Amino acid sequence: MQVINRTMDGPVTLTENTELWGTVMGDVTVSASCKLEVKGSVQGNMVIERGAEVYVDGSVIGDVKNAGRIEVYGLLKGQIIDAGGEVYIDDRAMVL
């Protein structure tokens, strides 16, 4: 599993399982069959391809186009755009 512990500029396309503890300043695409755990922050839009999974414990400040699966436990400041994916919003999550 890849771990990102720094601030990096986007756009970023993830092709392997990743833990994000830092910040991505820009858009993120999560490729099919990848898992992304957001403990830090995404400051841009996100695309979740079919077969990909995203767990947000940190924050995403932007819209999410979801064809895979997203679970939100932290902060999502944007819309989830349904592209045939699954969505779970935890009771403690903040979706603005």
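How much space lies in the largest cavity? About 40 Å³. The structure described here is a predicted model.

## The cavity

A search of the whole structure turns up one cavity of 30 Å³ or more. Rolling a probe the size of a water molecule over the atoms shows where empty space is left.

The lining of the largest cavity consists of Ile 4, Val 12, Leu 14, Thr 18, Leu 20, Val 24, Val 28 and Leu 36. Two or more of these residues come from strand E3 (12-14), and two or more from strand E4 (18-20).

Six strands make up an open sheet, and their order is E1-E4-E7-E10-E13-E16. The pairing of these strands is parallel. From one strand to the next, the twist averages 10 degrees.

The edges of the sheet are held by strand E1 (2-4) and strand E16 (86-89). Each of these two strands has a single partner strand, so one side of each is left without a neighbour in the sheet.

Strand E7 covers residues 35-38 and strand E10 covers residues 53-56. The two run parallel and are joined by four bridges.

Which residue in E10 does Lys 35 stand opposite? In E10, the residue facing Lys 35 is Glu 53.

Notes:
Residues are numbered from 1 along each chain as its sequence is written. This is a predicted model: local features need pLDDT of at least 70, side-chain atom pairs count only at pLDDT 80 or more; totals for chains, interfaces and linings use all residues. Side-chain values use heavy atoms; hydrogens and water are left out. On a 1 Å grid over the protein atoms alone, a cavity is a set of points where a 1.4 Å probe fits but cannot get out, and a pocket is an open set with protein on both sides within 12 Å along at least five of seven lines; lining residues have an atom within 4 Å of a point. Grid points are joined across faces, edges and corners, and a volume is the space filled by probe spheres set on the points. Two strands pair if DSSP finds at least two bridges between them. Axes are lines fitted to C-alpha atoms, for helices over the stretch in contact, and angles run from 0 to 180 degrees between N-to-C directions.
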